[in-house]
Amino acid sequence: MKEHQGANAFHSECQTAVTIGTFDGVHAGHQKIIERLVNTAKANNLESAILTFFPHPRMVLQKESGLKLINTIAERKQMLESTGVDHLIVHPFTHQFSRLSALEFVRDILVNKLKAKKVIIGYDHRFGRNRTADINNLKDFGEQFGFEVEEISKQEVEAVAVSSTKIRNALYEGRVEKANNYLQHPFTLTGTVVKGRGLGKEFNFPTANLEIKEDYKLIPKNGVYVVRSQIDGKYFFGMMNIGTNPTVGGEDQTVETYFFDLEQDLYDKKLQIELLVRIRDEKKFDSVESLKIAMKQDQAFSRQYIRDNYAE
């Protein structure tokens, strides 16, 4: 898959089959649309292209919405890498871009830049300035500029639209297994390991403190989770605490992971950590000793869960 930073950076001798969307989560519904795109492109001797946008349009046009995304843009790219798509065009979404008329968008972006011969799009897709144009307008443009429009049915579109919202809601509720089921892959948090307060080491539970720089990234409900991460080519399991560590007087939210059977300095290492199941809420214990007991119970639960679900 070739990545292009904006439609202006796209250069190909081949004509394309294009689909358009934010694809946050790259979940099961998205994967069906992308599979259809790839198959359509192959059947018509075209190259497949996804046109996506960053930032998310709502983050630009409705800043007060507080929208958080399932994926960072880097995570989204990584997941689309495995779909068989030929081209990923990440177009910068700006106020100026949002002011393009429907004609300008179709003519200048889809036809002149992306060489679209097939456009696969939802029945309710709207585009152009103030989102005034619909799929019927797109079909008219298709006749004018020589491309076909393949319509994604209401049922397929609703499966996609609802799933992104359902995934976000499930994560906010801490129901990570439900979110993973919608996604068809584990939800991940990606960041760099930085120095924390060092309290985990004092409890014999040394943790990797994950710094996530993208403030638009959705962080699931505070609590303790069973997780795994691929470190230097090998999977390690562990348990993650998302929260403020109230028992020891913490205030700021942190994301800390204690990896089992791993003795390695992880400082400054970039990790992608998969959340597998939630164990419990974060709570304020009466004493540090009570916290240690709970952490040992969390570890026992985690190891049993790993044996039951990931035993080789």
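This text walks through a predicted model, from the whole chain down to single residues. Local features need pLDDT of at least 70 and side-chain atom pairs count only at pLDDT 80 or more, while totals for chains, interfaces and linings use all residues. Residues are numbered from 1 along each chain as its sequence is written, and side-chain values use heavy atoms, with hydrogens and water left out.

The protein chain has 10 helices and 12 strands. Helices (H or I, at least four residues) and strands (E, at least two) are DSSP runs, numbered from the N terminus. Along its principal axes, the C-alpha trace spans about 75 × 45 × 35 Å. The accessible surface of the chain is about 16000 Å² (Shrake-Rupley method, 1.4 Å probe; for residues, only the protein chains shown count as cover). Carbon and sulfur atoms hold 45% of that surface.

Of the 312 residues, 49% are buried. Buried means under 20% relative accessible area, exposed means over 50%, and partly exposed lies in between (1.4 Å probe, protein chains only). Now take contacts, meaning heavy atoms within 4.5 Å. Among contacts between residues at least 6 apart in sequence, 74% join residues at least 24 apart.

Next, look at helix α5, residues 102-111. Its buried residues are Ala 102, Phe 105, Val 106, Ile 109, Leu 110 and Val 111. Seen down the axis of α5, these buried residues fall within an arc of 155°, so they line one face of the helix. The arc is that of the directions from the helix axis to the C-beta atoms. What do the buried residues of α5 pack against? Their partners include the strands β2 (16-20), β3 (47-54), β4 (87-92) and β5 (116-122). They also pack against the helices α4 (95-98) and α6 (135-145).

A helix pair comes next. Helix α1 (residues 28-43) packs with helix α7 (residues 154-172) at an angle of about 140°, and their axes are 8 Å apart. Axes are lines fitted to C-alpha atoms, for helices over the stretch in contact, and angles run from 0 to 180 degrees between N-to-C directions. That angle makes α1 oblique to α7. The cut-offs are under 35 degrees for roughly parallel, over 145 for roughly antiparallel, 65 to 115 for roughly perpendicular, and oblique for the rest. From α1, the residues Gly 29, His 30, Ile 33 and Arg 36 meet Glu 156, Val 160 and Ser 164 of α7. By class, this contact has two nonpolar, three polar and two charged residues. Ala, Val, Leu, Ile, Met, Phe, Trp, Tyr, Cys and Pro count as nonpolar, Asp, Glu, Lys and Arg as charged, and the others, Gly among them, as polar.

Some backbone details deserve a check. The peptide bond from Phe 54 to Pro 55 is cis, with omega near 0°. Pro 55 sits in the loop between β3 and α2 (57-61). Asn 45 is not a glycine, yet has a positive phi of about 55°. Asn 45 lies in the loop between α1 and β3. Is Asn 45 buried or exposed? Asn 45 is exposed, with a relative accessible area of 72%. Asp 268 also has a positive phi, near 70°. Asp 268 belongs to the loop between β11 and β12, and counts as exposed at 67% relative accessibility.

The loop between β11 (254-259) and β12 (270-280) also holds Leu 262. Leu 262 is buried at 18% relative accessible area. Leaving out residues up to four places away in sequence, Leu 262 touches Ile 231 and Phe 236. Leu 262 and Phe 237 are 25 residues apart in sequence, with 9.0 Å between their C-alpha atoms.

Phe 237 turns up again with Leu 276, which it contacts. Leu 276 is in strand β12 and is buried, at 4% relative accessibility. Beyond four places in sequence, Leu 276 also touches residues including Val 176, Pro 186, Val 226, Tyr 305 and Tyr 310. The C-alpha atoms of Leu 276 and Thr 188 are 9.2 Å apart, across 88 residues of chain.

Finish at Thr 188, in strand β7 (residues 187-194). Thr 188 is buried, at 11% relative accessibility. Setting aside neighbours within four places in sequence, Thr 188 contacts Glu 75, Lys 217, Gln 272, Ile 273 and Glu 274.
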